[in-house]
Amino acid sequence: MDWVHCNGCYLSPPSKEYKFLLTSCGHIFCNKCYNAPNLPCLVCKNKCMITPLKPNMSPDVQLFFMDPLEVAAKLHKQLLKVLDFQKTQRKRLTAYRLQNIKKSQVGLTKLQQEVQRLTAENKQLKMQISQAKENRPPGSSHRSHGGPSPRDGAPLPFLETPETASRPRPSPGRKTLESPGKPLYNNTFAQVLGSKITPPPAIFQTPRTTPSPRSLEECKRSVEYNSRRLFKNYCGNASK
């Protein structure tokens, strides 16, 4: 180290008589020039701390007295370690994000397929509804018409309830004896037309308020029962 010298008297080491000191402000002095610990720096006149120059100095101080090539090689190794560490961490994070992107793309593809399927199904249902409206005969309502009419003593279906269905009925083959000139009618049908018709249950009347769920359930059961009775009567009369 041919560049080390005292910044006061320009004495160069090694010297058997004097020792060299390093100040915290970056100047070197021998103990002949700087002979008191509390003196300010002889060059910059600032307060400073001193460190004796010796082989067992701290690594931070030894760094300033090392060969620049050795410092560069040491720093290059440390730089490679830093770059390798950061590269590994960055690679792991990138792989994780790419995996999440692939999963999101798969989920997005499935959602798009589901949307296309539901759109096609909705379009098909709309076409079926439109065709049903076009094929419906004029004058028809939401209620079904054109079913078999009650005959042979069968009561009117919209007046029949589970209570009236259990009453005995006359034989469908019997007919009344009427006077000449008058038409002949079935006994039961004439009785139905001539007798006092029982008013329909309250569930068939137009409600002034919103019906309760219980009333709607009773109406549904009565309609199903009357439909079954009407179908059985029609099948029995058709077989005769």
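Figure 1. Strands are DSSP runs of E with at least two residues, helices are runs of H or I with at least four, and both are numbered from the N terminus. At 16% relative accessibility, His27 counts as buried (buried is under 20% relative accessible area, exposed over 50%, partly exposed in between; 1.4 Å probe, protein chains only). Apart from neighbours within four places in sequence, the contacts of His27 (heavy atoms within 4.5 Å) are Asn7, Leu21, Leu22, Cys41, Val43 and Cys44. Residues are numbered from 1 along each chain as its sequence is written, and side-chain values use heavy atoms, without hydrogens and water. As this is a predicted model, local features need pLDDT of at least 70 and side-chain atom pairs pLDDT 80 or more, whereas totals for chains, interfaces and linings use all residues.

**Figure 2. Cysteine residues Cys6, Cys30, Cys9 and Cys33**. A search of the whole structure finds 0 disulfides (pairs of cysteine sulfur atoms within 2.5 Å). For Cys6, the closest cysteine sulfur is that of Cys30, at 3.6 Å, which is too far for a bond. Cys6 is buried, with a relative accessible area of 0%. Cys33 likewise takes part in no disulfide, and the nearest cysteine sulfur, in Cys9, is 3.6 Å away. Cys33 is partly exposed, at 23% relative accessible area.

**Figure 3. The 2 aromatic pairs of the structure**. Rings of Phe, Tyr and Trp (its six-membered ring) pair if their centres lie within 6.5 Å; planes under 30 degrees apart count as stacked, over 60 as edge-to-face and the rest as tilted. Trp3 and Phe65 are stacked, with 5.7 Å between centres and 15° between planes. This pair links distant parts of the chain, 62 residues apart: Trp3 belongs to the segment before β1 (20–23), and Phe65 to the loop between α1 (59–62) and α2. Trp3 is partly exposed, at 42% relative accessibility, whereas Phe65 is buried, at 14%. The pair of Phe29 and Tyr34 is also stacked, at 5.9 Å centre to centre and 20° between the planes. Both Phe29 and Tyr34 are buried.

**Figure 4. Salt-bridge network of Glu114, Arg117 and Glu121**. The structure holds 2 salt bridges (a side-chain nitrogen of Lys or Arg within 4 Å of a carboxyl oxygen of Asp or Glu). Arg117 meets Glu114 at 2.6 Å, N to O, and Glu121 at 3.4 Å, N to O. Arg117 and Glu114 lie 3 residues apart in helix α2, about one turn of the helix. Glu121 and Arg117 are 4 residues apart in helix α2, again about one helical turn. Arg117 is partly exposed, at 43% relative accessibility. Partly exposed too are Glu114, at 34%, and Glu121, at 37%.

**Figure 5. Nonpolar surface patch of Leu79, Leu80 and Leu83**. Together, these residues have about 280 Å² of accessible area (Shrake-Rupley method, 1.4 Å probe, only the protein chains shown counting as cover for residues). A patch is made of residues with over 30% relative accessible area and no salt bridge, joined within 9 Å for like charges and within 5 Å for nonpolar side chains (Val, Leu, Ile, Met, Phe, Trp, Tyr). Leu79 lies in helix α2 (residues 68–135) and is partly exposed, at 45% relative accessible area. The protein exposes about 20300 Å², of which carbon and sulfur atoms supply 58%. Of its 240 residues, 12% count as buried.
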